[in-house]
Amino acid sequence: MNHLNDLQEIRTHLEAILVEKPDNDNVSTALRYIASLEKHSSAPTPNRSTWLALVSELEALQGQGLWGIVPEQKRYLDSISQSIRTYDAPDGPNLSITMPPNSQSIPPLHYPNLSPELLEKVNEVNLLHALATHPSNVLPPGKSLLSIFSSRSRERDGVNPSQHQALKEQVSEVVTRAFWDEALESLSSPAPAVQLSRIRLLYTDLHKAVEALIPASNPIMYTLSAPLSPTSSPLRSASGHIRELLAVLRERCAPIRDVELDELILRLADVSSQDLPAACIDVIKAIFDIAERMKDDLADFVIGTWTEQDARQWLIHKAIIGEQHLILDLFPVQKVKELYREWRGSDPGGTVFSRLIKALRSSESVAPFPPSNNLLPPPFIFVSLDLIRIQNLMQALVIAASLHTLVRSPDIANTAWISRVWALLEMEVDRDVAEPAETNILNLEDEVVQAAGATGDPAAQGPLRDAVKRTLRTDDPVFLLLQSRLLAAVQGRLTEEEINLPTQAPARLRTGRRKYLESHEEDNFQEERDLIVKGFEAAILRDNVKRLVVMIRECLSWVQKAWGDILDIKS
């Protein structure tokens, strides 16, 4: 996605509009996005969300009749919009993910009225998101992220293609042969304009094929992406560019590829004009093949040198790109912004924190897709399962604190009682959303009866058991009071500090069946200050209040990482 030259032209047009419309917020915002893109132009991969935000502002200006007045403006917008929708970043190493057969399943996301193909993509991205943020939820015990990676070439080795796959390959071969036959016919044309048109298309394909192998700053990458200069011998000029590309690839390839690349360079040396079209086609076809094998070489090297954190960073990037692609397949950029603004509401004093706390307070689970009375906006789709678990954790904390009020023992916070109660409740916190609840109210009643010393007194047990049932109702005054205290304290903590965006994926808090914390999560947990809330002073509840804050921070951090340039997440 190389549009830096376009940015300069867009800036010029916007600055002219700003002279006429100095108070137009869309113009000012678009110029701010351009400044950000230019500042980070040397980044290894483009900031796709910033490009998306720029397109959104240009579309808004187009709706106001301020953009698209001249053909160049419309061309810039169409070109960038198309690039963004098809951009998946340079693939880099040819890596594939192969899940172990005993991997744990994650709850699927169901969006009504989606085609099976798009729904499959939604859940593929959902799996990437889970691997990037909560790998221990998905991988078998004892497995690392590195164990799921392999090069695509090795994945193909030893695989017996099905009849359907074999048919697809035959069809692909026929289409490919027709493509090259047509390319050869165009390059053989005596008309330079016909040759230039086909060379431009081939250069675009070559650029895409090698962009993961050659830095964008290399002159050959500019040659492959820049407009072609008019010439009476375009094919002769192209052969020189192709030899230059081969030389660059030879500098960067494994030694085993040297001889093959040398032969290709010689293939284009001193070739006659009559044979030049076929020679160029043969060499270009060979470059595509060598580029794929070089990516496989790189993949094998990468897998051997990556750390677990490197693997996670790759997954984060893929998950965010996949999330942006899918959500924009479902909603235009302006619709994403509109739905987010509607969800935030018009309260001038409201913040994203207060709005999220309102959603978590509801007795109805948050939902990523309609129908729901607690519907999340599109950028929260892939953190929705985490937010459901946050709701479960919050309710478990309130239930534990509510039961605590029924037990009068002054040292109850220092006994094993609260730990036993929490052990019963936290199993539900970490249970998959599709799994049925297992904790029985009778178990909680028994714990309260035992703590009150009424085990052998049936007369005393009745009122205690009734009190437990009443206290667990979400409309009970004690439940509501404790819930309000907890969420007010959590909201206060979130709003007193800005979200601290981590350099790695937000980690998921693990409670329940797996009792360990992953290292990055442990760091986040340790860095969070204790939050003392009246009614939640017991040590085990205090720790889980802190975990509640960490989990909410991490969800918001992920959304900001993916959509921060489009949505105002911090305020």
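**A walk through helices and loops**

With 83% relative accessibility, Asp270 counts as exposed, because that value is over the 50% cut-off. Keep in mind that this is a predicted model. You can find Asp270 in the loop that runs between helix H12 (258-267) and helix H13 (276-305). Its backbone deserves a look too: phi of Asp270 is near 55 degrees, a positive value in a residue other than glycine.

Between helix H16 (352-361) and helix H17 (384-404) lies Pro371. The peptide bond that joins Pro370 and Pro371 is cis, with omega at about -5 degrees.

Now let us turn to a helix. How far apart should the ends of helix H11 be? H11 covers residues 234-252, which is 19 residues, and at 1.5 Å a residue they should span 27 Å; the end C-alpha atoms are 27 Å apart, so the two agree. Several residues of H11 are buried, among them Ala238, Ile242, Leu245 and Leu249.

Finally, look at two helices together. Packed pairs are described by the angle between their axes and the distance between the axes. For helix H21 (residues 477-496) and helix H23 (residues 539-563), the axes come within 10 Å and cross at roughly 50 degrees. That angle makes H21 oblique to H23, and their crossing is right-handed. H21 contributes Leu486, Val490, Arg493 and Leu494 to the contact, while H23 brings Val545, Leu548, Val549, Ile552 and Arg553. Sorted by type, the residues of this contact are seven nonpolar, two charged and no polar.

Notes
Residues numbered from 1 in each chain as written. Predicted model: local features only at pLDDT ≥ 70, side-chain atom pairs only at ≥ 80, totals over all residues. Heavy atoms only, no water. Helix = DSSP H or I, 4+ residues; strand = E, 2+ residues; numbered from the N terminus. Expected span 1.5 Å × (residues − 1). Buried < 20%, exposed > 50% of the residue type's maximum accessible area, 1.4 Å probe, protein only. Axes fitted to C-alpha atoms, helices over the stretch in contact; angles between N-to-C directions. Parallel < 35°, antiparallel > 145°, perpendicular 65-115°, else oblique. Left-handed = near helix turned anticlockwise from the far one by under 90°. Contact = heavy atoms within 4.5 Å. Nonpolar A, V, L, I, M, F, W, Y, C, P; charged D, E, K, R; others polar.
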